[in-house]
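Here is a briefing on one chain, for a reader with the coordinates open.

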Amino acid sequence: FEGLVDHLNERLHPGRPALLQLQPSTTGRTKGRAQLPAAAMRQQQAAMPNADESMRIGLLDIFGFENFKRNGFEQLCINFANEYLHNFFMDALIQREQAIYDREGITCEHIEYPSNVPQLDLLYGRGGVLALLDEEGRLPRGSEEKYVYKMHSGFEASTIYSRPTFGSAAIGQDLGAEFDKTCFVIRHFVEPVLYSAHDWLEKNRGRVQSNLIRLLQTSEVPA
C-alpha cells in the first residue's frame with residue numbers, strides 16, 4: 001500500500017520526494033510510516049506544488065476517526081462509518097448483553113454510556129446531512145453554498161451541529177474566505193470536526209471521470 005501511495009505521488013508530482021508521514025490529525029493520531037518533527041513536516045509540505053483539485057486523489061479507508069486541518073467529503077464518510085461502528089459495538093457489547101442478563105435473572109450493575117444516536121440521525125436520518133446533499137445534487141442550480149445554508153437553517157436548534165466559530169472559541173482552523181460559506185461543524189462522539197463542503201456535490205454523484213473512460217477505451221492492454 002505504501003508503495004502504491006509513493007507511486008501515485010510520483011506520477012502526480014514528478015521529482016517530489018515521497019512523504020514519510022501523511023497529514024497528522026488534530027487529535028494526535030497519525031497515519032504514516034515515520035513521524036517527522038513538526039518543523040520538518042511544515043518544510044516538506046511547503047515544498048509541495050499548489051495543485052488544483054484535478055490533481056488530487058482521495059483514498060477512502062475506515063481505519064480510524066479523522067480530523068485534519070481541512071476535512072472534506074472523504075472525512076465525513078470515514079467519520080460516519082466510525083459513528084455507525086461505534087453504535088453497533090456498544091449495542092452488541094453492552095445493551096444486548098444487559099438485556100440477556102435481565103431476561104435470565106442475572107444480577108449485574110448496568111453500565112451507562114453516552115449514545116451517539118443523535119449523530120447518526122443527523123448524518124443519515126431523514127432530512128439529515130447526507131439526505132440534503134443528495135437533494136441538492138439533483139437540483140439544476142444546486143451548489144455547495146446553498147447546501148450548507150440549508151443545513152445552517154434546518155439544524156439551527158441542534159446541539160451537535162453548528163456554524164463555524166472564530167477566535168478563541170474556534171473549532172478547527174480558519175481555511176480562508178474561499179471556504180467560509182461551505183464550512184460547518186459536527187460534534188461527533190469523539191470530538192467536534194470542522195468540515196468544508198467544497199466539491200461535495202460532484203464527489204457525491206460518484207461519476208467516473210471522462211479521462212478515465214477514454215483511457216480504458218483506448219487502452220491496448222487486454223483485460
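The side chain of S143 reaches the backbone nitrogen of K146 at 3.2 Å. S143 sits in the loop between α5 (129–138) and α6. The model is predicted. The chain holds eight helices and three strands.

**Overall layout**

- Along the sequence, the elements run α-α-α-α-α-α-β-β-β-α-α.
- The chain has 223 residues, and 30% of them count as buried.
- Among contacts with a separation of 6 or more, 53% come from residues 24 or more positions apart.

- S143 counts as buried because its relative accessible area is 17%, and the cut-off for buried is under 20%.
- Leaving aside neighbours within four places in sequence, S143 is in contact with E136 and L201.

**Helix α3**

- Helix α3 spans residues 73–103.
- How far apart are the end C-alpha atoms of α3? They are 43 Å apart. At 1.5 Å a residue, the 31 residues of α3 should span 45 Å, so the two values agree.
- α3 bends by about 35 degrees at D91.
- Just after α3, G105 takes a positive phi of about 75 degrees.
- The buried residues of α3 include F73, L76, I78, F80, M90 and I94.
- The buried residues of α3 pack against α4 (117–124), α5, β2, β3 and α7.

**L130 in α5**

- L130 lies in helix α5.
- Is L130 buried or exposed? L130 is buried, because its relative accessible area is 19% and the cut-off is under 20%.
- L130 touches L76, L123 and Y124, not counting residues up to four places away in sequence.
- C77 and L130 are 53 residues apart in sequence. Their C-alpha atoms are 9.7 Å apart in space.

**Aromatic pairs**

- How many aromatic pairs does a search of the whole structure find? The search finds nine.
- One of them joins F80 and Y84 in an edge-to-face arrangement. Their centres are 6.3 Å apart, with 65 degrees between the planes.
- Why are F80 and Y84 separated by about one helical turn? They are four residues apart in helix α3.
- An α-helix has 3.6 residues a turn, so residues three or four places apart point the same way.
- F80 counts as buried, at 16% relative accessibility.
- Y147 and W200 form a tilted pair: 6.3 Å centre to centre, 45 degrees between the planes.
- The Y147 and W200 pair links distant parts of the chain. Y147 is in helix α6 (residues 144–154) and W200 is in helix α7, 53 residues apart.
- Y147 is buried at 0% relative accessibility. W200 is also buried, at 0%.
- Ring pairs link F73, Y147, F155, Y161, F184, Y195 and W200 into a cluster.

- Three strands form an open sheet in the order β1-β2-β3. The pairing is antiparallel.
- Which strands stand at the edges? β1 (161–162) and β3 do. Each has a single partner strand, so one side of each is left without a neighbour in the sheet.
- β1 pairs with strand β2 (residues 183–187) over two bridges, in the antiparallel sense.
- Within that pairing, Y161 has I186 as its bridge partner in β2.

- D199 is in the loop between β3 (192–196) and α7 (200–205).
- D199 has a positive phi of about 70 degrees although it is not a glycine.
- Is D199 buried, partly exposed or exposed? At 27% relative accessibility, D199 counts as partly exposed.

Notes:
Residues are numbered from 1 along each chain as its sequence is written. This is a predicted model: local features need pLDDT of at least 70, side-chain atom pairs count only at pLDDT 80 or more; totals for chains, interfaces and linings use all residues. Side-chain values use heavy atoms; hydrogens and water are left out. Buried means under 20% relative accessible area, exposed over 50%, partly exposed in between (1.4 Å probe, protein chains only). Rings of Phe, Tyr and Trp (its six-membered ring) pair if their centres lie within 6.5 Å; planes under 30 degrees apart count as stacked, over 60 as edge-to-face and the rest as tilted. Two strands pair if DSSP finds at least two bridges between them. A polar contact is a pair of N or O atoms within 3.5 Å; within protein, one must be able to donate a hydrogen and the other to accept it, and residues adjacent in sequence count only if both atoms are side-chain atoms. Contact means heavy atoms within 4.5 Å. The expected span of a helix is 1.5 Å times one less than its number of residues. The bend at a residue is the angle between axes fitted to the seven residues ending there and the seven starting there.
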